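This report concerns charged side chains and the pairs they form. Side chains of opposite charge can pair when their charged atoms come close.

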Amino acid sequence: MIDAQRFARMVTDTVVRRPLLWRLLRRPLRTMFDGLAPTWETRIGPHHLRALDLALAGVSPPRRVLDLGTGTGVVALALADRYPAAEILGIDLSPGMIDEARRKVSSELGRVSFEVGDASALGSPDAAFDLVVLSNMIPFFDELARVVAPGGTLVLSFSKGADTPIYVAPERLREELGRRGFAEFADFSAEPATALRAKRQ
């Protein structure tokens, strides 16, 4: 797992600095997460949602929610519990992760769906979501600005703070998002997890 963690951090740091390199790194990262999918939930603990929960506490109930980098759907299903009237879409690059997530969706959760997709080029229309959540996920800032509706909320959380393999420092997040029309930034911490919330102007 140490090699996987180092690789995930390297990909994150590289892609945040030079997004065009994603096309070279996408396939090996997808392959890595496909391999991790069957045991993924043994690797996350109760801290996984703590800072995210704090960041969501002040958010008005949304109609359409995107959980980007949904993995096995842990966050998407928590969002469904929190917002019982919302439609939840979970997207992940890894087909293996999406297979695991879909196994959890019963008929009464028809408003929750999961799709394989690339966060750098989403198939969703502009301004499609009132709330977009990323948990331990590489942010593609231009796409986030495109799909978050004006007045909508973006939350990025990292379950182990700066020790999360896929991590972007809050200063960099504020800089990149601020240039793309996000404001009203707020930081949250619930040891060891951290989160940042922003509103699309």
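The model is predicted: local features need pLDDT of at least 70, side-chain atom pairs count only at pLDDT 80 or more, and totals for chains, interfaces and linings use all residues. Residues are numbered from 1 along each chain as its sequence is written, and side-chain values use heavy atoms, with hydrogens and water left out.

The whole structure contains 13 salt bridges, a salt bridge being a side-chain nitrogen of Lys or Arg within 4 Å of a carboxyl oxygen of Asp or Glu. Three of them are listed here.

| Arginine 64 | Glutamate 87 | 3.7 Å |

Arginine 64 and glutamate 87 form a salt bridge that links distant parts of the chain, strand β1 (residues 64-68) and strand β2 (residues 87-92), with the partners 23 residues apart. Helices (H or I, at least four residues) and strands (E, at least two) are DSSP runs, numbered from the N terminus. Arginine 64 is partly exposed at 28% relative accessibility, as is glutamate 87 at 45%. Here buried means under 20% relative accessible area, exposed over 50%, and partly exposed in between (1.4 Å probe, protein chains only).

Within helix α6, arginine 146 and glutamate 143 are 3 residues apart, and therefore separated by about one helical turn. Arginine 146 is partly exposed at 23%, whereas glutamate 143 is buried at 11%. Salt bridges with shared partners join Asp142, Arg172, Glu176, Arg179 and Arg180 into one network.
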